[in-house]
Amino acid sequence: MSGSGRRPAIIAGLLALCALAGGLLGLGIDRLASPTPALPQIVAVEPPPAIPAPVPASVPAPLPAPGPTAVPVPPALPALSEARCPDGPLPAGPAPRCRSFRVPSDWQQADGPPVDLFVTILPALNGAPAADPVVLLSGGPGQGGSDDLRGTAAILAPMRAGRDVILVDQRGTGLSKPSLRCPGLDPLRYWFGGVTAQDATACLEPLRRAGYRLENFDSGQSAADLPALRRALGVERWNVVATSYGGVLARALLRIDGAAVRSLVLNSPATADATWLDLDRLTAIRQAHRRMVEDCAAQPDCARAFPRLGQAVDRLAAALERQPLELRLRHPVTGRETDLRLDWPMLAGVLALRLGSGDGMVAVPTLLDRLDRIVGDPAAGRVDDPAVLSLVMPPPIWTVLDSLAYGLNLTVGCRENRPHIDAAAARRAAADLRPYVMAEAVETDYDAACPALGLRPVDASFYRPATSDVPTLILTGAYDTFTAPARAEAMGRSLPRATLLSFRGLGHDVLGASLCGRNAAARFVETLAVGDAGACVERLLPPTFATRP
């Protein structure tokens, strides 16, 4: 099977690439965020149809919380109203229906300003939807369900054949209000590193001044929104599809509303206790590099094109530590140009994410070879090769960076991920993984942001696995460098009705990269079994590497 036959990962795989310096895998209210200091080494040179009256929504049970006993919210009905769907390209099939869903900012306190969630419903393609729809929990944290309607609809088309698909902009993301997008922060600051404490406070302090508690933008509150939405939509049971960080939300949902989950598809899922500094995750990066070299050597075309691939990382690391490369990146939509000094820690992070994202590894041998040739030229200084620039900064990433709710990434990371690890000790433990892993360049934004934000950590009960007998399909890719496949496989211990499908030649976001994965997931949602849909040859094949850009 040729690598070009696989559809690029455009949901969580691309989103996860955005979290190079951030956690779990990496605000303004309107445009209140102020300009930020200069980044070191980076210098910016048809209306919807009416819906039935909402079904009364009871308040979901609160998640365990630290501190004093919480005050329950009175049983008021969250409001569901029509909303204008996003402009731009729409997916094929019946027109989407869009809704705004008002919920309390804190499900455990009656006071505080509300949150308006944006909800998109993609009607079933056959016009006669089953009673149990599909709801998608997006990754990040920071991606909204409405960010890429056409791409999401294409990936979920097999499930959408006979079911409505519900896309939720998790609180803080997409078109939900308030937004935690941080519009004043240059996205390249969190893509290549350089986020400061001032960046974090400029992003999120306006939210505090508007009366919100940053602690209410976390996984527990977001999970509590979902049962209320389900009831407001008049849905008795639904099928949950969770990608990457969405797996954390899914497991939280099982605790409070598991009886309403008919089936669960975990697509390259993250776990609540995972961080980007975990040794198993960092070790997976080195393993992915070695697997790529072995797989390339086993393919005659790749072996002939890149005979020195096995030593390329060592050569590049040494060369870029002596002299970083000068790049000029150009935004494909706005035309804004950015000058960048590409050093080895930055490139090591990009390579790790390219290797582990969907089928992104197919271009890595070419990227390494091109850069190897450039740094081997004594006259090289500035890189103008468009192919190299697009490999370092893939054009689709710009769109994802522009829409990511990075403020939510910070609140979740500083409240849930960073508090339960010793970052310095984690970096010391990864010292033997150099040069493949430069741990000192991982989660540096949390180093700066978390002390400045001062968020209260979640309760320790948040990290306990949720036990459930819901029929579950877990999809993993052997190249995944975002969420360690072994952790996803371990989920089966608390999910006794889980089926695991592993894909030899894929990384993070199997649904985004694999037609076989999409068909297997659709069969599972339909019948609660995979059957022969999971027997495709694609599951067993290594990637077929490109030998030209």
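Me: Before we dig in, what counts as a salt bridge here?
Reply: A salt bridge is a side-chain nitrogen of Lys or Arg within 4 Å of a carboxyl oxygen of Asp or Glu. This is a predicted model, with residues numbered from 1 along each chain. Local features need pLDDT of at least 70, side-chain atom pairs count only at pLDDT 80 or more, totals for chains, interfaces and linings use all residues, and side-chain values use heavy atoms, leaving out hydrogens and water.

Me: Okay, how many salt bridges does the whole structure have?
Reply: The search finds 33 salt bridges.

Me: What does Glu215 pair with?
Reply: Its partner is Arg213, and the closest N and O atoms are 3.9 Å apart.

Me: And is Glu215 buried or exposed?
Reply: Glu215 is buried, at a relative accessible area of 11%. Buried means under 20% relative accessible area, exposed over 50%, and partly exposed in between, using a 1.4 Å probe and protein chains only. Arg213 is partly exposed, at 38%.

Me: Which residue does Arg504 bridge to?
Reply: Arg504 bridges to Asp295, with the closest N and O atoms 2.7 Å apart. The two are 209 residues apart and link distant parts of the chain: Arg504 is in the loop between β13 (498-503) and α19 (510-513), while Asp295 is in helix α8 (residues 279-297). Helices (H or I, at least four residues) and strands (E, at least two) are DSSP runs numbered from the N terminus. Asp295 is buried at 7% relative accessibility, whereas Arg504 is partly exposed at 27%.

Me: What about Arg370?
Reply: Arg370 forms a salt bridge with Asp385, the closest N and O atoms being 2.5 Å apart. Arg370 belongs to helix α12 (residues 364-375), and Asp385 to the loop between β11 (382-383) and α13 (386-392), 15 residues apart. Arg370 is partly exposed at 26%, and Asp385 is partly exposed at 25%.

Me: Which residues do shared partners join into one network?
Reply: Asp132, Arg163, Arg262 and Glu526, through salt bridges that share partners.

Me: Switching to rings, how many aromatic pairs are there?
Reply: There are five aromatic pairs. Rings of Phe, Tyr and Trp (its six-membered ring) pair if their centres lie within 6.5 Å; planes under 30 degrees apart are stacked, over 60 edge-to-face, and the rest tilted. One of the pairs is Phe462 with Tyr463, edge-to-face, at 5.3 Å centre to centre and 80 degrees between the planes. Phe462 is buried at 12% relative accessibility.

Me: Where does Arg291 lie?
Reply: Over the face of Tyr479, 5.5 Å from the ring centre. Such a charge needs NZ of Lys or CZ of Arg within 6 Å of the ring centre and within 35 degrees of the ring normal. Arg539 lies over the face of Phe503, at 5.9 Å.
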